[in-house]
Amino acid sequence: MSKDAETGKRKTRGAEVARRIDFKGGRVTVPRMPRDVVREADFPGGADTVNKKFTNPGDASSATIVDGGGPRITPVHVSLIFWGSAWQTDSARSALTNAVAKIVTGRYLSALGQYGAATSGILTRVLFDGSDPPSPTFTTQNVASFVIGLIDDDRLPEPDADWQHLYVVMMPRTTTFAGGGLTGFHARVLWSDYDLFDVDNDQTHFAWVQYGPVDTMTAVFSHELAEAVTDPEGNGIQVAPASAANWNEIGDICASTLNVDGVVVQSYWSALDNACVVPIERSTGMQWQSGIVILGVFASVDTKNAWIFFKNQLGVVGWRKIQPSTPDGCTNVLQIAIAAQQSGRQVQCLITNAGEIVAIQIL
Ligand SMILES: [Zn+2]
C-alpha cells in the first residue's frame, strides 16, 4: 500500500523522475489495413458474440501461445489521456473518446478470457493535459516520465491503488515517434513511491498512440489494449518466439482491421479459434445481407419448408431456411431463389434474427 501525502510521501521531479524509470515494452508494427465492414448476419449460430476470423495477408494462420505465468489485467480500468495543447481544438479528441469507450466496454476484449485476461473493462477517466510533449519527436521514455508525473500529481491513481489500471496517452499532431515506424506502444514502468518508512515499487502499465487518422488511432489503441491486458509486464501471454526484451504478442501476428459499428479495431490471435479474430455482437432484428450466391435450393413438399445452400462474400458456405412466401403474400421467395440460382447472379437477402430468410432480391 502507498502512503498519502500527510504521512510524508516525498515526490520527485525532472531528472530524478527519468532516472527511476525502467521501462520495457512490446514490439509494435505499423498496422497494415486490409479492412472489412462487419455484417453480423454472416455468422450462422445462436451465440450473442461471435469471433469473426480473418485470413488476410498479414494474418497468421497458426501460432503457438507461450504463457510466461506473469500477470494479466482483468477487468481493465482504462485512463485515457490527451497530452498537448493541440488537443484543445482538435475535434478528433471527442471522436477518440467515444471510440475508446466503445472498444473498452464492448465486445472487443471478449475472446481474451481464454488467456485469463480481461474480457471487458471500464473507461475510468479522461484527462486533458495542456503541457506540450517534445516536438517534433517524442520517445517512450518521454511518455513514461509524463505518466509518472501525473501519478505524482495525484491526477492518476498510484499503481498499487488500482492494479488493473492501464494509462493510455494519445499523442497530439505536433509530434511523432522518434524511433519512426511505430504508431503505438505499450510498456511498463516502475513507479517508486518514496515514503519515510516505506518504499513502494509498482509496475505502471501504460501505452501511447501516435497521432494519425482517427480510424488508425482506434485500431492502434485496440491493438495495444488487447496486448496490455494479456501481457502487461512482458511475462504473461506471448506468441512464440516469446521474448522478455522484444515482446511478441497476440496483436503482432494479425493485420486485419474491422469496422464495428463505426469504430475500427484490429484483430488479435485467438488460440481457441486458431485465427486472428475480432469478437462482434450478433445483430438483433432483421437486416439485409448482400453478396450471396445461391448454390442450391431445396424444398420439402411434405413439410412445406425450404432452404437455400449458399456462399457469401467471405467464402462462407452454409444453409439457411427460407420462408417460401413473405408475410405480405406478394413475393415468392422460393421462386426468386430458384431464378437466382439458375442465373448465378448475386442476391441480397433479408434475414431475421433467427437466421431465416424472408426476402430475396436479385442484384
Ligand atoms: Zn503489438
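**A walk through the predicted chain**

Helix 3 (residues 140-152) has 13 residues, and at 1.5 Å a residue they should span 18 Å; the end C-alpha atoms are 18 Å apart, so the two values agree. The expected span is 1.5 Å times one less than the number of residues in the helix. Helices (H or I, at least four residues) and strands (E, at least two) are DSSP runs, numbered from the N terminus. This is a predicted model, in which local features need pLDDT of at least 70 and side-chain atom pairs count only at pLDDT 80 or more, while totals for chains, interfaces and linings use all residues. Residues are numbered from 1 along each chain as its sequence is written.

Helix 3 is mostly covered, with 10 of its 13 residues buried. A residue is buried if 20 or more other C-beta atoms, placed from the backbone, lie within 10 Å of its own, exposed if 12 or fewer, and partly exposed in between. Among the buried residues of helix 3 are V143, F146 and V147. After helix 3 comes D154, which has a positive phi near 60°.

Two residues are in contact if their C-beta atoms, placed from the backbone, lie within 7 Å. The largest nonpolar core has 72 residues, and V147, V168, V169 and V229 touch the most other members. The largest share of this core, eight residues, comes from helix 4 (residues 214-230). A second, separate core of 15 residues includes I292, F310, A337 and V347. A nonpolar core is a set of buried Ala, Val, Leu, Ile, Met, Phe, Trp, Tyr and Cys residues joined through C-beta atoms within 7 Å. In soluble globular proteins, nonpolar side chains tend to be buried together.

Next come some strands. Strand 17 (residues 287-299) and strand 20 (residues 346-351) run antiparallel and are joined by five bridges; V293 stands opposite Q346 in strand 20. Strand 17 also pairs with strand 18 (residues 306-311), in the antiparallel sense, over six bridges, and the partner of A299 there is A306. Two strands pair if DSSP finds at least two bridges between them.

A340 lies in helix 5 (residues 333-343). Why does A340 count as buried? The reason is that 23 other C-beta atoms lie within 10 Å. Leaving aside neighbours within four places in sequence, A340 is in contact with I294, R345, V347, I360 and I362. A340 and Q361 are 21 residues apart in sequence, and their C-alpha atoms are 8.7 Å apart in space.

V277 is in strand 16 (residues 275-281), and V277 counts as buried because 23 C-beta neighbours lie inside 10 Å. V277 and V50 are 227 residues apart in sequence but 9.3 Å apart in space, C-alpha to C-alpha.

The chain as a whole has five helices and 21 strands. Of its 363 residues, 40% are buried. Among contacts between residues at least 6 apart in sequence, 70% join residues at least 24 apart.

The mean pLDDT of the chain is 84, and 80% of its residues reach 70 or more. pLDDT is the predictor's confidence in each residue, from 0 to 100. Over residues 1-23 the pLDDT is below 50, and over residues 27-47 it stays under 50. Where pLDDT is low, the predicted coordinates should not be read in detail.
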